[in-house]
Amino acid sequence: MFRSVAGRTVLVTGGTRGIGKGIARVFARAGAQVVIAGRDGDVGRACAEELGAAAGPDGGPVVFARADVATRAGCDDAVAAAVDGFGGLDVLCANAGIFPDARLDVMTEADLDTVLATNVKGTFFAVQAALEALTASGRGRVVLTSSITGPVTGFPGWSHYGASKAAQLGFMRTAALELAPRRITVNAVLPGNIATEGLADLGPAYRATMEASIPLKRLGEVEDIGYAALFLASEEAAYITGQALVVDGGQVLPETLEALAGA
Ligand code: NAP
C-alpha cells in the first residue's frame, strides 16, 4: 500500500491547463496542498477554484500563483506562494512548456529564444527558486515534464521544441547528482500524445490518426501523466533519481508499420 502525499505541498508550473491541470487534479485529490502557476490570471484563478471544489472532502486546497517561468523572479513568486501559503514546498512539478512549430528554413532567432526561455530556462529557474524550500522539506521531489519528442522521437517543425525537451533530461541527470546530498530526487515524465483542451480544435479525423499510431489505441489522458508524477513524488519512489519515465501507450515501441499493425 502506498503512503499518502496528503498534507504535502506541491507546486505545478503550467498547472492551469492541459497536462499540468491533470497533475494538479491528481495531487489535490490525493490530499496534497497544491499551487498552480501560469501567466493568465483569469484562467488560473478559475482553474484553482474548479480543482479545489472537485478534490472532494479528503482533497487538498488548490491556489493560483501568477508567474512567468521564463524569468527567475516569476519562479521565485510561484515558490513564495507555496511557502507563504502552506509553510513550505515538498514537490516541484516543472511542467510549464510551449510548443510553437517552425521549420528550420523559416525559424527565427526569436522563435528559438522563446521556446528555450520557457522550456529550458524555465526548468532551471523553477528548480533554482525551489531549492531552499525543497531542501528544508527533507524529502524534496522534482518531477519534470519532458516529452518523447526530442529525447526519443522527432517531429517536423519541432527541432527547437525537441531540443528543449532533450535538454531537460541533460539538466535532470546532473541536477539529480548535485541535489542528492539534500535528499532531493529529480526525475522526468515523458508524455506521448496526450488529450488536452487544444486537441479538440484539431477535429476528430486528426485525433483518429493519432490514435492509430499508438499500440494501446487511445490518446493519453492528462491524469495518466498525473499518476506518473504522483508515483515519482511518493515516499515509495525515494530511491529513484535521475530517471526518465515514458508514458505513451507504447507509441515509441513499433520498429515498423508492420509491427504497429500487429499490435
Ligand atoms: P498547454 O495545454 O498549452 O498548457 C501549458 C501550461 O503552461 C498552461 O498552464 C500555461 O499557462 C503554462 N505556461 C506556458 N508558458 C508559461 C510561462 N512562460 N510561464 C508560466 N506558465 C506557462 O500544454 P500541455 O500540452 O499541457 O503541455 C504541458 C507540458 O507537457 C509541456 O512541458 C509540454 O512540452 C509537455 N508535453 C505535452 C504533450 C501533449 O501531448 N500535450 C506531450 C508531451 C509533452 P499560461 O499560458 O497562462 O501561462
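User: Helices here are DSSP runs of H or I, at least four residues long, and they are numbered from the N terminus. Between which helices does Lys-217 lie?

Analyst: This is a predicted model. In it, Lys-217 lies in the loop between helix H6 (204-212) and helix H7 (222-233).

User: What is the phi of Lys-217?

Analyst: Lys-217 is not a glycine, yet its phi is positive, at about 55°. For context, most residues other than glycine have a negative phi.

User: How exposed is Lys-217?

Analyst: Its relative accessible area is 41%, so Lys-217 counts as partly exposed.

User: OK, and Arg-183: where is that, and what is its phi?

Analyst: Arg-183 is in the loop between H5 and strand E6 (185-191). Its phi is also a positive value, near 60°, and Arg-183 is not a glycine.

User: Is Arg-183 buried or exposed?

Analyst: Arg-183 is exposed, because its relative accessibility is 59% and the exposed class begins over 50%.

User: New topic. How many aromatic pairs are there?

Analyst: A search of the whole structure gives 6 aromatic pairs. In one of them, the ring centres of Phe-99 and Trp-158 are 6.2 Å apart and the planes stand at 70°, so this pair is edge-to-face.

User: Which parts of the chain does that pair link?

Analyst: Distant ones, 59 residues apart. Phe-99 is in the loop between strand E4 (91-94) and helix H4 (109-137), whereas Trp-158 is in the loop between strand E5 (141-145) and helix H5 (159-179).

User: What about Trp-158 and Tyr-161?

Analyst: Their ring centres are 5.1 Å apart with planes at 50°, so that pair is tilted. Ring pairs join Phe-99, Phe-155, Trp-158 and Tyr-161 into a cluster.

User: Now the ligand. How many residues surround it, and which are the closest?

Analyst: The ligand is surrounded by 28 residues, and the closest are Thr-16, Ile-19, Arg-39, Asn-95 and Tyr-161. Helix H1 (18-29) and H5 each supply at least two residues of this shell.

User: Which polar side-chain atom lies 2.8 Å from a ligand oxygen?

Analyst: That atom belongs to Lys-165. A side-chain N or O atom of Arg-17 is 3.1 Å from an oxygen of the ligand, and a backbone N or O atom of Ile-194 lies 3.0 Å from a ligand oxygen.

User: How much of the ligand does the protein bury?

Analyst: The protein buries 92% of the 880 Å² that the ligand exposes when taken alone. The space that the ligand takes is the largest pocket.

Note on methods. Residues numbered from 1 in each chain as written. Predicted model: local features only at pLDDT ≥ 70, side-chain atom pairs only at ≥ 80, totals over all residues. Heavy atoms only, no water. Phe/Tyr/Trp six-rings, centres within 6.5 Å; stacked < 30°, edge-to-face > 60°. Buried < 20%, exposed > 50% of the residue type's maximum accessible area, 1.4 Å probe, protein only. Near = heavy atom within 4 Å. Polar contact = N/O pair within 3.5 Å; in protein donor to acceptor, adjacent residues only side chain to side chain. Areas by Shrake-Rupley, 256 points an atom, 1.4 Å probe, with all protein chains shown as cover. 1 Å grid on protein atoms, 1.4 Å probe; cavity = no way out; pocket = protein on both sides within 12 Å on 5 of 7 lines; lining within 4 Å. Sits in = over half its atoms within 2 Å of the grid points.
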